[in-house]
Amino acid sequence: NCGVPVFKWCSLGVGTAYYDGGTMDVLVIDNTEQNKLTKAEQDYVGTVSLAVGTKFLSLGMNVKYIQSTLVEKNVSKGVLYDTGILIQIDTLRFGVAVQNIGDKIAYSNSNQTNIAPVNQDAIPQTVRVGVALVAPFARTNVFVLAGDAVFTAEDGQIRENVGTELWFGKNIVLRAGYKIGYFDKTGAISVGIGLNLNHFGFDYAAVDLGELKYNHRVSVFVKL
């Protein structure tokens, strides 16, 4: 990801992401009926972003090209949009975002024509409403407490997220979060840590994915 200020009140950004779900054995129904080692899922995302704002009000938009392939055959691709607004009043932040605006993206078999979609809502539209408290303490440290509610159009469900950050100066941050209504009734916990060293940074997070156990995420970034 890369972002640059165009004016004092405006910034542009571009980003890309790739996900590889690994391989799996698939039984091929033909004369041999042998197992074939197949890539489970591959996703590509390219994003162009625009943000404008002042000290009290910020507006943003993403334009995303998405392509996802399941078991090397079922392909989903298209262009979607995100938009959002953020209001800052003293130590409080209020935000609303609408994500994945646009036509429904459906999986179809890349080796066949005129085939019915596998899933009419591969990437469902969502609406997020959130609030955060940003409280400085002990001169250089900052405590952040945030929560949001997420409405998904596909199933009509509302899911909640709560999280906290504890910044020690500008170099070290500890994170913890809790998701409600995603995998099971007990919720899902995530924890993480971040390090900022001049123009370089490192983030690590462990995220509970229910029956899939914990997912470990690592990112490294450079500030130009």
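This briefing covers strand pairing, aromatic pairs and pockets in one structure. The model is predicted. Strand S10 pairs with S8 and also with S11. There are two aromatic pairs. The largest pocket holds about 1,700 Å³ of space.

**Strands**

- Strand S8 covers residues 92-101, and strand S10 covers residues 126-137. The two run antiparallel, joined by eight bridges.
- Within this pairing, Gln-99 sits opposite Thr-126 of S10.
- S10 also pairs with strand S11, residues 141-152. This pairing is antiparallel too, with twelve bridges.
- Across from Arg-128 stands Val-150 in S11.
- S10 and S11 form a hairpin with three residues between the strands. There, Ala-138 has a positive phi near 50°.
- As a general point, side chains in a regular strand alternate between the two faces of the sheet.

**Aromatic pairs**

- The count of aromatic pairs is two. Phe-7 and Trp-9 make a stacked pair, because their ring centres are 5.4 Å apart and their planes meet at 10°. The cut-off for stacking is under 30 degrees.
- Both Phe-7 and Trp-9 are exposed.
- Tyr-18 and Tyr-44 form a tilted pair. Their centres are 5.0 Å apart, with 40° between the planes.
- Tyr-18 belongs to strand S2 (residues 10-20) and Tyr-44 to strand S5 (residues 41-53), so this pair ties together parts 26 residues apart in sequence.
- Tyr-18 has 46% relative accessibility, so it counts as partly exposed. Tyr-44 is at 40%, so Tyr-44 also counts as partly exposed.

**Largest pocket**

- Its volume is about 1,700 Å³.
- The lining of the largest pocket has 50 residues. Nearest its centre are Arg-128, Asn-161, Lys-179, Tyr-182 and Arg-217.
- By class, 24 lining residues of the largest pocket are nonpolar, 14 are polar and twelve are charged.

**Second largest pocket**

- The second largest pocket has about 340 Å³ of volume.
- It is lined by 14 residues. Closest to its centre are Glu-41, Asp-43, Val-45, Ile-66 and Ile-123.
- S2, S5 and strand S6 (57-70) each give two or more residues to this lining.
- S6 gives the most, with four residues.
- The lining of the second largest pocket splits into eight nonpolar, three polar and three charged residues.

Conventions
Residues are numbered from 1 along each chain as its sequence is written. This is a predicted model: local features need pLDDT of at least 70, side-chain atom pairs count only at pLDDT 80 or more; totals for chains, interfaces and linings use all residues. Side-chain values use heavy atoms; hydrogens and water are left out. Two strands pair if DSSP finds at least two bridges between them. Rings of Phe, Tyr and Trp (its six-membered ring) pair if their centres lie within 6.5 Å; planes under 30 degrees apart count as stacked, over 60 as edge-to-face and the rest as tilted. Buried means under 20% relative accessible area, exposed over 50%, partly exposed in between (1.4 Å probe, protein chains only). On a 1 Å grid over the protein atoms alone, a cavity is a set of points where a 1.4 Å probe fits but cannot get out, and a pocket is an open set with protein on both sides within 12 Å along at least five of seven lines; lining residues have an atom within 4 Å of a point. Grid points are joined across faces, edges and corners, and a volume is the space filled by probe spheres set on the points. Ala, Val, Leu, Ile, Met, Phe, Trp, Tyr, Cys and Pro count as nonpolar, Asp, Glu, Lys and Arg as charged, and the others, Gly among them, as polar.
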